[in-house]
Amino acid sequence: MRAALFPRMLRILFAWTVVGLFFFPIYYWTSVAFRHGRDIFSRPPVIFDFTPTFDNFQKVFGISFGEGRLTVTPGGGNFYMGPRLWDSIVIACGSTLLALIIATLAAYALSRIHFRGRHGFVGWVLSTRMMPPVAVAIPMFFIYKTLGLLDTYLGMILIHALMNLPLAVLLMKSFFDDIPAEIDESAIIDGASRWLIFRRVVLPMARGGIAATAVLCFIFSWTEFLFALTLTQTEIKTVPVVSTTFVTSVGTAWGNMAALGAAAIVPAFIFVLAVQKHLVRGLTMGSLKQ
């Protein structure tokens, strides 16, 4: 019994060590958001022994904690980023939804409908993902300027959905391929239309795949920098772009930058938490066989 217990304890210890190594940078970065400047630059570095403060969140989001309650007062300083976090949420959610709608329809057609040139079309979809964004950033700027889409939510949602579409289509096609085609054939024999089969039969079975694709699309949009920098000017800015404004001529405002980074983790965490019920099933859909 003791001989079998030792390897198990060793595996548990190793697992906790790996988890600690991965989560320590996140903890340290988040803790910097709650530190005074002297604690950020102290030598040797302070890991746990520091006095928490909300000053960084006050400057970045107008959040303060006093008299036992949390208050939010919108600010107007150079480092106030409340609207920019909202810009990122709108763009990431909008582009994810648009990419999923188009990708599920296209992927189902590529998975179930056999037409001439289907494999070549899939290869073309994959090839569009291989193009580096910097190669099309400048042409997209002039196209957006002509169409009046610069510095707009619609423009950013479209470009981020376009960026995520190849990956979303290929992922969703692989998930639809894992659903036995005999299910569609049985529904057709019973008199169901192709649209009814997709909406009532196949789509509910692919919820896990949709969740996994949505998470990837959201994260790619949330962290995208080049298009957000090129196609926005003053009205709209995303979190990756405004993070560069914390580097000033007198130094880097590490505490304020950490406050923005810590807050930027929360929407992504909430989004993943909302779809976690289907996420694990989506990541393991490849195990389903006919």
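Helices here are DSSP runs of H or I of at least four residues, numbered from the N terminus. In this predicted model, D151 is found in the loop between helix 6 and helix 7. D151 is not a glycine, yet its phi is positive, at about 60 degrees. The residue D151 has a relative accessible area of 10% and is therefore buried, the cut-off being under 20%.

The peptide bond that joins R43 and P44 is cis, with omega about 0 degrees.

The largest pocket has a volume of about 500 Å³. Its lining consists of 21 residues, of which T128, R129, L162, M163 and P166 are the closest to the centre. By class, 19 of the lining residues are nonpolar, 1 is polar and 1 is charged. At least two lining residues are supplied by each of helix 4 (82-112), helix 5 (118-130), helix 6 (134-147) and helix 7. Helix 7 provides the largest share of the lining, 6 residues.

Helix 7, which spans residues 153-177, also contains V169. With a relative accessible area of 5%, V169 is buried. Leaving aside residues up to four places away in sequence, V169 touches A103, A106, A107, L110 and V125. Between V169 and L126, the C-alpha to C-alpha distance is 9.1 Å, although the two are 43 residues apart in sequence.

Definitions and conventions
Residues numbered from 1 in each chain as written. Predicted model: local features only at pLDDT ≥ 70, side-chain atom pairs only at ≥ 80, totals over all residues. Heavy atoms only, no water. Buried < 20%, exposed > 50% of the residue type's maximum accessible area, 1.4 Å probe, protein only. Contact = heavy atoms within 4.5 Å. 1 Å grid on protein atoms, 1.4 Å probe; cavity = no way out; pocket = protein on both sides within 12 Å on 5 of 7 lines; lining within 4 Å. Points joined across faces, edges and corners; volume = space filled by probe spheres on them. Nonpolar A, V, L, I, M, F, W, Y, C, P; charged D, E, K, R; others polar.
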